[in-house]
Amino acid sequence: MVDVMGKSVTVITNKYPSAESRYQNAFVHTRVLAYQKRGVDVRVIVIDPAASEPAETTFEGVSVTHASSESAGTIIRLIDPSAVAIHFVSQGWFNTLRPELVGRKVFIWMHGFEIEAWYRRWFNTDLIPEKINKLLVRRRAAFKNRKQFLQELAIDDQLDIGFITVSKHFRDHVVAPDTGIPPEAVAVIPNPIQTDLFAYQPKTEEQRFQVLTIRPFTSAAYGNDLLVSAIKKVLTKDSSRFHFTIIGDGEQFESTLSELRSFPQVTLRKAFLTPEEIATEHSCHGIFLAPGRIDSQGVSRCEAMSSGLVPIANDVAAVSEFIHHEVDGLLAPSEDADALASALLRLAEDQNLFMRLSTTAADNIRETCSLDTVIDHELSVLFGSGTARQNAQQFSGVAPGESMTVSAAEEMDQAFAAALFAAAQKLRSQASVIARLEASVEKRSQRISAFEGSFARAKKRQEYLEKELDSAQRQQRELQAELKELREQKIPWKQHAIEAVRPVTTAPQRVKNLAKRLTKHS
């Protein structure tokens, strides 16, 4: 264990938990508390471009300074820390801080989205020309510039930088190809799990029917559609024994889970839980269902394993580094909701397997991700006797110059990226054609509306003429009846007869005229 007496570290991040937002970068806060507990002097700086002056806040005993990159540089110069730890690096503010980082040990944690290539999260991409065009603009600008920025940091002779990420898969198949940083320069240290809080509690056999899911509902990355599909499949085959508890929040919560509201075997809670509340939920359940499409580690799943829950997840990205199939959990192929359901049903029928996996899950997480283990490694990297690059290399597991082959999965990723890019270009080229077609449809719609107006007016005119014809025909019948009556009475005066007959003789012509007009308008 490295000696940290008199050591200090400045932690720089883009966000930090607060009383209003307890969960933003909570894993950074976990580290800070652990560093302090070991006796390290920790200063936290949140880069806030809008901050005109540094502002101090406190969260759970940790002093946090919100400052612009210019002010952050001044703070670093004044406090002169032994090391600087950066989470979620950004090219803009890093370049401003750079003069104050020369001559210091600097460590950059790479967590995910801030370094991933544009196509990594393809499942969040709608194949709509406008959205594809925006993605391509970002690809040409932001992604390309970011890769160049990170590559230059890795070879910058004036800076002593060590890189850290949380899993081998993420380093070898995301960091290396997407940034150009060689694997031997990147230490692999997982996010720490508070195994004391998420203490192992032996499960009962009956708890294999109590299934828990805790997750955000903000992105397709979490595979929440697979979650819903798997639950429905299980309840179709076994509706009497299983109960599912789903807890989370996000703009997709209601729309994603609406299909499950009619199932009495499913409990839905829209909420964010404190770590203590999560531990309480762990004690009441036996299985943690965690589908997904991409994951550099999966902290919430590791926390559940620490408590003794058996994890069931899709075998994607780094998941298999933390779940070993049929050893401490069960894995299903990517995008396979049927296999997730089958895993649940398998545990229902095999209580011995469930009990064995539960015990092993808790043991393995403690060995690899316990807070003490992880913090020991991080402090060795931060304050070891070598340079930042040398200290990081000690935890890379890769010898300098060792060749790293691109896996089949990585080749598939690259092939998919090329295919998506080609499809995007084709869609973009067709966007103008689509726009012209839409304009043509709009003009035709306007013409149809005008025709419908003319037709409505003609129909009203027809109805008016039909009423006029009906009136004329009725008058004709009345006059004919009156003439017949006069003839039968044989009235002697001639003039009276002539006056009575005249309307009758003119009425047929009026009827003919009206009929002719009606026929014309029809």
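**A chat about sheet, cores and helices**

Visitor: Where is Ser167?
Guide: Ser167 sits in the loop between strand S7 (160–165) and helix H5 (168–179). Helices (H or I, at least four residues) and strands (E, at least two) are DSSP runs, numbered from the N terminus.

Visitor: What should I know about the model and the numbering?
Guide: This is a predicted model, where local features need pLDDT of at least 70, side-chain atom pairs count only at pLDDT 80 or more, and totals for chains, interfaces and linings use all residues. Residues are numbered from 1 along each chain as its sequence is written, and side-chain values use heavy atoms, with hydrogens and water left out.

Visitor: Is Ser167 buried or exposed?
Guide: Ser167 is buried, as its relative accessible area is 0%. Buried means under 20% relative accessible area, exposed over 50%, partly exposed in between (1.4 Å probe, protein chains only).

Visitor: Which residues does Ser167 touch?
Guide: Not counting residues up to four places away in sequence, Ser167 touches Val188, Ser296, Ala318, Glu321 and Phe322. Contact means heavy atoms within 4.5 Å.

Visitor: New topic. What order do the strands of the sheet take?
Guide: The open sheet has 8 strands, ordered S3-S4-S2-S1-S5-S6-S7-S8, with mixed pairing. Two strands pair if DSSP finds at least two bridges between them.

Visitor: Which strands are at the edges?
Guide: Strand S3 (55–59) and strand S8 (186–188) are the edge strands, and each pairs on one side only.

Visitor: How many bridges join S1 and S2?
Guide: Strand S1 (residues 8–13) and strand S2 (residues 41–47) pair in the parallel sense over 6 bridges. Val11 has Val44 in S2 as its bridge partner.

Visitor: Now the largest nonpolar core. Which residues touch the most other members?
Guide: Phe242 and Phe244 do, out of 36 residues. H11 gives the largest share of this core, 9 residues. A nonpolar core is a set of buried Ala, Val, Leu, Ile, Met, Phe, Trp, Tyr and Cys residues joined through side-chain atoms within 4.5 Å.

Visitor: How do H11 and H12 cross?
Guide: The axes of helix H11 (residues 337–349) and helix H12 (residues 351–369) come within 5 Å and cross at roughly 105 degrees. That makes H11 roughly perpendicular to H12. Axes are lines fitted to C-alpha atoms, for helices over the stretch in contact, and angles run from 0 to 180 degrees between N-to-C directions. Under 35 degrees counts as roughly parallel, over 145 as roughly antiparallel, 65 to 115 as roughly perpendicular and the rest as oblique.

Visitor: Which residues meet there?
Guide: Arg346, Leu347 and Glu349 in H11 meet Gln351, Leu353, Phe354 and Leu357 in H12.
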